[in-house]
Amino acid sequence: MSQLRQFVAAVILLSHFLSLRAEEIKSSQQPCGFPAIFNFGDSNSDTGCMSAAFYPAALPYGETFFHEPAGRASDGRLIIDFIAQHLGFPYLSAYIDSIGTSYKNGANFAAGSSTIRRQNKTYFDGGSPFSLEIQTAQYIQFKARTGKFYNQGNGNSYTTQFPRPEDFAKAIYTFDIGQNDIAAALQKLGEEDSQAVVISDVVELFGKQITNLYGIGARTFWIHNTGPIGCLPMAMPIHYVKNYTPVAGYLDQNGCVNFQNDMAKKFNRKLKDIVDKLKAQFPDASLIYVDMFSAKYELISNAKKEGFVDPSKICCGYHEDGNHLNCGSKGMINGKEMFASSCEDPSTYISWDGVHYTEAANRWIASRIVNGSFSDPPVPITHSCHNSLA
């Protein structure tokens, strides 16, 4: 436990140092002035893909900020929303959402349940058809078709609703994906592939898609590592077993499952290696590795200090004594019909539905990462195009 406290203290000190370094960079360089942002990921940054492709989200999702379902797995905005806002963009439209959308400042290809590695699961099994490979293919098609129609536009809507052809090379490309790959690997522990083989395969596939995007002109990449999945309340045994007595070493001082977080750390180390390799391979590109694990773990470790309730608590849904109702659903619990509603004040919770974060937590995390405090190199996102610093 003392080692964990030392780790948290080290993270805080390091983020403070990197924040100072980021401020130095910010004062010595001009902002990039990105004309667009293109995002790739899973439900942590899906702004409407899965709601448009399958069944739409329902209340209480979206209740805090949008006051209606907005295709996001939260009560309000996601980290990508705060990033877009910080860069001066409107909230990103999902690529697959055809109603009332504008792609002038970019598009969002992220989709809930998505993975880097293809999974043999349908939407109805908890999977997604939109792996990172498919998201990249969608982007390539988007770029080709908008360029064609833009050049033929002659003042029509294509010139006002889509990026200019020259904007693609100057845009920022953001990534937040891999959590579901780790979850899938954890479900198959002891089966054919070892963790090391799976993780290596996943990060190699990630690197391949970065290479593909680089090959058609992308140059600025803002890459999130994966968060502490062992700290998601739905991973914690307290929501499955009544009067749970933990086995020594199974949980850390925050109630997080150690072996799940350890696997996330292994993935992150491999991801960092592949990012460093790509930096060497593409010296004219800027690749920024963002330590999302440490940012989220800092919040979880300091929940009370930061004004949040115990991080194991879930705002929306019912998950007690092995009985489960997902957020916004109805069901029978002990012979009684129940509706899994949201808590009275989501702004005091870190976890929205046991897997995803609340808007308040997303805002807290976003405010820490956009200034470069958790980045390697320690570059603010507004200055992340400067590859000489990377």
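Strand β1 (residues 37–41) and β3 run parallel and are joined by five bridges, two strands being taken as paired if DSSP finds at least two bridges between them. The structure is a predicted model, in which local features need pLDDT of at least 70, side-chain atom pairs count only at pLDDT 80 or more, and totals for chains, interfaces and linings use all residues. Residues are numbered from 1 along each chain as its sequence is written, and side-chain values use heavy atoms, with hydrogens and water left out.

Helices (H or I, at least four residues) and strands (E, at least two) are DSSP runs numbered from the N terminus. Five of the five residues of β3 (residues 172–176) are buried, that is, under 20% relative accessible area with a 1.4 Å probe and protein chains only, whereas exposed means over 50% and partly exposed in between. Ile172, Thr174 and Asp176 point one way from β3, while Tyr173 and Phe175 point the other way.

The pLDDT, the predictor's confidence in each residue from 0 to 100, averages 91 over the protein, with 90% of the residues scoring at least 70. Confidence is highest in β3, at 99, and lowest in helix α1 (residues 2–28), at a mean of 55.

Leu189 lies in the loop between α7 (179–187) and α8 (195–215) and counts as partly exposed because its relative accessibility is 39%.
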